[in-house]
Amino acid sequence: MNITRFAIEKNRVTTVFLLIILFGGIAAYQRLPRDYDPGFIIRVAQVVTYFPGASPERVEMLVTDKLEKGIQEIPELDHIKSQSKTGLSIVRVEIRERYTAMRPIWDNLRRKVAAAAVQLPEGVIGPFVNDEFGDVFGIVLGLTGEGFSYADLKEVADQIRDELLRIEDVAKVEIFGAQEERIFVEFNNARLAQLGLSPYQLMRILESRNIIIPGGDLVVGPERIVLEPSGNFDSVDDLRQTVISIPGQQELLFLGDIVDIRRGTIDPPRTRMHASGTPSLGLAVSMGAGGNLIEMGKAVRATLEDLQRYYPHGIEIEPLSFQPEEVDRKILSFRDNLLQSIGVVIAVMVVTLGLRTGLLVAALIPMTILMSVGIMHLLGIGLDQVSLAALIISLGMLVDNAIVMTESIMVQMAEGKARVAAAVDSARELIVPLLTSSLTTAAAFLPIFLAKSSTGEYTAPLFKVVTLTLLSSWVLALTMTPMLCVQFLRVNPLTERFDSRAYRLYRFFLITGLKHRGLTMAAVALIFAAAVYSARFLPVIFFPPSDRVYFKVELTLPAGTAIDTTESVVREVEAFIRARLMDPSGHGKGVVSWATHIASGGPRFVLQHQPDPGTPEYALMVITTPTPAAIGPVMEALDAYISLNFPDAELKMDRIENGPPIRHPVEFRLSGKDPQVLFEIAEEIKVRLRNLDGIRNIKDDWGQRIKKIVVDINQPRARRAGVTSQDIALSLQTDLSGFEISAYREDDKVIPIVLRSVAADRQDIGKLESLNVYAQATGQSVPLKQVADITLAWQYAEIVRRNRLKTVTVSADLYPGVTASAITRRIVPWLDAQKPAWPVGYRYELGGESETSEKANTSIRDQVPVAVFIILLLLVIQFNSLRRTLIIMVTIPLGFIGVIIGLFAARLYFGFMTLLGIISLAGIVVNNAIVLLERIRLEDEVNRLAPQQAIVAAGQRRLRPIMLTSATTVFGLLPLYLWGGEMWAPLTIAIMSGLIFATFLSLVVVPVFYALLFRVAFKDYRWE
């Protein structure tokens, strides 16, 4: 059955089919999932283990190393990175990017960790496997309450979380900045010594008093009755009224008479959070897979408005990061760009083809878009900036099918053929060439989809949407376009003579090139070589920053800084923001709001943010401005203020990235066994980097060494005093850090009871030597100084390993206008020259932007042969000719000439998006070459023209459709270039400028190369 004849003869069926596409596409558009980015799989998990009191060296050897040995057995493993800090081990597990089914891998990781955990020493807490490291929390709320305690806020936060979890698309709600409650039992060492009571005895008394043990049951007649003995603490007053017997005395005292008992929050706190400078709690909301972020945002807003009515005055819920609104703005912006592109393309059609013909061709555009959107809904492809950009990129290409089909029908009708016959014959003639050109164009995008990398996953919608759009266009060009042409097309029965000035000018260049084939091809080769050589002078940037309206400020004080000191510095910075940079109206160039996470990396509020377990000296601020343009001045002001007032603080400020996250743009990883050797090499690299312009924040990831107090136990003296090492450790922990002795239960909450000395004792280093150590064997107490010597020592703040080798990473940030590739090109040759002088077993690797971009580019390059093979196969099937296939393949690089010229003219750079633009361009160039060669074949084999006449006639017949296709593609991309954001500028310029040059060159080079390969002489040729 001929599908075109069916569409024309059964035009009512076709009309119903088009109406289904129309209304189905509109309905699908309303239901499509929406997000800012398409996202990619986070193949990272963390294994966190606590070893209280242990030094980084002990944590490394006793915890980290044992876990790494088990984890490295995972076959899918890419690499392991570990951090061993005081009392903490963090093992970061990264899986190779070619794996997509993560759940079985994470299950295997848990088994390996569980097997290794049995080898860990006593006193270890964990290990805990976090395999939900990639969850993105698109909504972050700040909960504040003037006059309310953290416990009150936590109760409100729990209620809000319960309500938010009832929303359909909400998958998870996490609370940040919550302060854990404690019941503190604080003793004075002098007072206990006076009573002859030790902290250890006190701990045992309380442990035996606070119990929940069933008392069994008894049978009374036919009934069984359970016995429940009392004994657990029902209130803090119960704890105060606990009776304490004094050793060796008849006297009994209440616990409250000898210690201070109070209810409070953990001290010192582990993390804290501020909302625009006010202490707060944070609620982070993540969306379930396939959800609609915009609809979820509306539901969250409505829920919060309902809840706000029930809370007393002072309780405020402030959105700190609200991506639904951001996504809505982005989708609307790209939708406007798409509509503008459609309008531009339709205008080009009408101007160049005339009103009637232009509208016939342009009718394909909205129908193709709607048909593609309907299929996207069926395949689960959502709306985001990448998929919408793919629709815009497709516009110029999808029109090509309608242009070629309409032109062919017009020509045949002008030659006197009946309307239906002209339409059917045109479709029969073009069905395979148009399908081949659509498939070859789609195949050019295939490496993007097949790339085994996070970057490939991020840009994969380009291939999916472009392919759907081109195939939809092909189907409609064979059905809708012929039907409309039969009904509405009007053609005068005249033969086109190609006598206009444009045709005469083109014919002059074409015939001149054909007469000097060797010189023409040599000139093109020379121009191409010059373009390739010039490419090295372009700056190289992997991905530009996004145009989001917020940015990150990371503040790191010297290692070992207490969290209270960090919070004090943060408060000063926040006071500066409030006094000098605040713009609550959101109409100026200041700060609208901000969120501060102290000693925490916060939630993953965007996919590109990599939250790490924080340290007390670290703080993260996420600052929101009214527009992206306002970010620069705010960053400059903050940089100047912090650099002047806190010179010992390490400051890192970044806009949110596009694509995969990169911690530092410049990184050099040094691996080996001896840290001292690594640091010597690292220092040489730092010196080298300091001599280069445009670099800031040069550092390594081990940080400065920190102080520690070593309690060196004298074992002979300790044995004589009847004291064990465990006695000393237990006494130190109880007096200084506190010891959890029991728990207080209140409703569904369990609050630990912590026994510790009063602040005057535990915060006075001068009293450390006089601390009483209780000997469990003898029941006596002795001063610490009697059994141990106290000395001051220095240790690494943390020990970092990669694949079980100690690794020091030297990193640096860049000033605007400086690229990571430029810095790397200057350092790598020097490193290669220095490497032979290093001891055996020491090596370096590139990290940062160089590593990520190389992985992404390699993942694309590895798949290019697949695309080339498919294109070659399609071309050979189409032409059954190796020479014609070779002609088309030679024309592909022609676009690169225009790409380089365009990038230089627009002052852009070469990056991953530029590479995607070149790949996209290759598909369009192939499409034009196919159409031109197919016409040469028809003129030669069907119309029986002489070879010379066939080549020139084919060029002239295809001049208008090829130029028109190129014009629609170029003009259709203008809105994306002008208003799509910095991310899309290199891609659009690559396609636009590359296509302009490739079109002019291919209209001449394809016929010239054809004549050269098929030995068609033009020495004495004249056009008639």
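Modeller: A salt bridge is a side-chain nitrogen of Lys or Arg within 4 Å of a carboxyl oxygen of Asp or Glu. The model discussed here is predicted. Its structure holds 53 salt bridges.

Biologist: Which parts does the salt bridge of D813 and K652 tie together?

Modeller: The closest N and O atoms of D813 and K652 are 3.0 Å apart. D813 lies in strand β29 (residues 805-814) and K652 in strand β19, so the pair ties together parts 161 residues apart in sequence. Are these two residues buried or exposed? Both D813 and K652 are buried. Salt bridges can also be linked in a network, as they are for E60, D65, E68, K69, R801, R804 and K806.

Biologist: With which strands does β16 pair?

Modeller: A general point comes before the case. In a regular strand the side chains alternate between the two faces of the sheet. Strand β16 pairs with β18 (residues 618-624) in the antiparallel sense over seven bridges, and K552 stands opposite V622 in β18. β16 also runs antiparallel to β19 (residues 650-655), joined to that strand by six bridges. There, T556 stands opposite E650.

Biologist: Why is strand β16 described as largely enclosed?

Modeller: Six of the seven residues of β16 (residues 550-556) are buried, so the rest of the structure largely encloses this strand.

Biologist: What is the order of the strands in the open sheet that contains β24?

Modeller: The order is β12-β7-β24-β23, and the pairing of these four strands is mixed. At the edges are β12 (259-265) and β23 (739-746), each of which pairs on one side only. Neighbouring strands of this sheet are turned by 25 degrees against each other on average, direction ignored. β7 (residues 181-187) pairs with β12 in the antiparallel sense over seven bridges; R182 has G264 in β12 as its bridge partner.

Biologist: Is H274 buried or exposed?

Modeller: H274 sits in strand β13 (residues 272-275), and it counts as buried because its relative accessible area is 0%. A polar contact of 3.0 Å joins its side chain to that of E574.

Biologist: Which residues make the nonpolar surface patch?

Modeller: I901, I996, F997 and F1000 make it, over about 350 Å². Helix α33 (residues 985-1013) gives the most to this patch, with three residues. F1000, in helix α33, counts as exposed because its relative accessibility is 51%.

Biologist: How many helices and strands does the protein have?

Modeller: There are 33 helices and 30 strands. Of the 1024 residues, 55% are buried. The C-alpha atoms fill a box of roughly 130 × 80 × 60 Å along the principal axes.

Methods. Residues numbered from 1 in each chain as written. Predicted model: local features only at pLDDT ≥ 70, side-chain atom pairs only at ≥ 80, totals over all residues. Heavy atoms only, no water. Pairing = 2+ DSSP bridges. Helix = DSSP H or I, 4+ residues; strand = E, 2+ residues; numbered from the N terminus. Axes fitted to C-alpha atoms, helices over the stretch in contact; angles between N-to-C directions. Patch = residues over 30% accessible without salt bridge, like charges linked within 9 Å, V, L, I, M, F, W, Y side chains within 5 Å. Areas by Shrake-Rupley, 256 points an atom, 1.4 Å probe, with all protein chains shown as cover. Buried < 20%, exposed > 50% of the residue type's maximum accessible area, 1.4 Å probe, protein only. Polar contact = N/O pair within 3.5 Å; in protein donor to acceptor, adjacent residues only side chain to side chain.
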